[in-house]
Amino acid sequence: MASNFIKATQVVRAGLGLLERELVLPRLVWRDAGGDFAGAAGDTVSIRVPAYMAARTRALRGGTPITVDELNETKVDLTLDTDVYKAIGVSDEEMTLDIVNFGEQVLNPMMSAVARGIEDNVATTISGATYATTLEVDNTDPTDTIIDARAALNKANVPANGRTLLIGADLEAKILKAPAFTASVSGDAVASSALRDATIGRLYGFEVVTSNAIDPDEGYAFHMSAFALAMRAPIVPDGAAWGTTQSFNGLAMRLLRDYDFLNVRDRVLADVFIGSDIVPDTGIVDSEGRFQPDPLGAGTTITLALSAALDDIIDTAAAHGFVAGQAVVFPTLTGGTGLTAGTTYYVIAANLAATTFQVSTTPNGSAALFSADITAGTVRRTATLTRAVKLVDNA
């Protein structure tokens, strides 16, 4: 019988190989995987990705001591909130008489289903993020917008290697029809993979990839470290007679198989716990579009003065150190209307002084207005997604 020679370790290795070839979006982001996940506080794992750090200077012969900073590697806490799985039943008759190739007839469709679940999770994270920079697509020549996206990432000090331009179907059609577009396919794409099939070429330093998992009229120019995906294989329960977990190349999986004697069939389960999120940087995009790392970090909390609202200007009890474009959040607010605790706002240039500032709901937007005094509260810096740019086609 076919069931006698199918080993769990062999099947899960084959499954990981199939999964890797099926995936597109997860292979474009920062991946971290581990096998045999036994649990963590709040189902949360922490992964580290490269961060931007600002250098300091000091005058020679001035006798000024150097400032020792903490290692500012970016730690991203990802909650494993989704179990992506596919379970199928194979009857005795099918296993004995019909299943000639377990990989092709059973494992392939299972891995395709799991891959689509992981794709959708990453796509939701990318499309649902708040971007410091959003560009409207030029309808005359959409490749001009790609040049602008490249410039935005350059000014934000985003590394040149590892950049992707992820586009929806309608935006892909516009780019392909553009006179400036000439396909130059990268030679390092994995042969016979979904990523290679989705890659339409390289343009202005981007690997151009199309995906139906995002809106047809949207695009995202980003470095692979802009988004993070964590995958952990659940443990094999003690009661499972056949099963294993493995991780490889940023992917993880558990495979279980048992026998359902009531329905006279084998049951096969492939699954993985996943979580994805953006990777924010502590700093601001200044008026010139350049990213400036903030050495003070994102957690410094400042107390608002008792009379915090006067003509929609917010007062602080001490110098706040904010600059235009910086993202802030109000952990606590007492009184007033128009501002919401916990919501991200952006400091604007208007009425910005040492102890006063105004905020907007969007970068460089209009001031948020409130009609009653905020009598107390706190404000702190937040981190910003700077390694990605959103492209929107409103035509």
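**Exercise 1.** In this predicted model, find which residue lies over the face of Trp242.

*Solution.* The cut-off for a charge over a ring is CZ of Arg within 6 Å of the ring centre, together with a limit of 35 degrees from the ring normal.

**Exercise 2.** Classify the ring pairs Phe222 with Phe227 and Phe322 with Phe357.

*Solution.* Step one: a search of the whole structure gives four aromatic pairs. Step two: for Phe222 and Phe227 the ring centres are 5.3 Å apart and the planes stand at 80°, so this pair is edge-to-face. Both Phe222 and Phe227 are buried. Step three: for Phe322 and Phe357 the centres are 5.2 Å apart and the planes are at 85°, so this pair is edge-to-face. This pair links distant parts of the chain, 35 residues apart: Phe322 is in the loop between β17 (313-316) and β18 (327-334), and Phe357 is in strand β20 (residues 356-357). Phe322 and Phe357 are both buried.

**Exercise 3.** Describe the largest nonpolar core and its contacts.

*Solution.* First, count the members: the core has 47 residues, and Ile118, Phe222 and Phe227 touch the most other members. Next, find the elements that each supply at least two residues, including α1 (8-22), α3 (102-128) and β13 (265-278). Of these, α3 gives the most, with ten residues. Then take Ile118: leaving out residues up to four places away in sequence, Ile118 touches Leu19, Leu23, Pro26, Val84, Leu229, Met231, Val272 and Ile274. Last, note another core apart from this one, of 20 residues, among them Ile146, Leu153, Leu171 and Leu203.

Key. Residues are numbered from 1 along each chain as its sequence is written. This is a predicted model: local features need pLDDT of at least 70, side-chain atom pairs count only at pLDDT 80 or more; totals for chains, interfaces and linings use all residues. Side-chain values use heavy atoms; hydrogens and water are left out. Rings of Phe, Tyr and Trp (its six-membered ring) pair if their centres lie within 6.5 Å; planes under 30 degrees apart count as stacked, over 60 as edge-to-face and the rest as tilted. Buried means under 20% relative accessible area, exposed over 50%, partly exposed in between (1.4 Å probe, protein chains only). Helices (H or I, at least four residues) and strands (E, at least two) are DSSP runs, numbered from the N terminus. A nonpolar core is a set of buried Ala, Val, Leu, Ile, Met, Phe, Trp, Tyr and Cys residues joined through side-chain atoms within 4.5 Å. Contact means heavy atoms within 4.5 Å.
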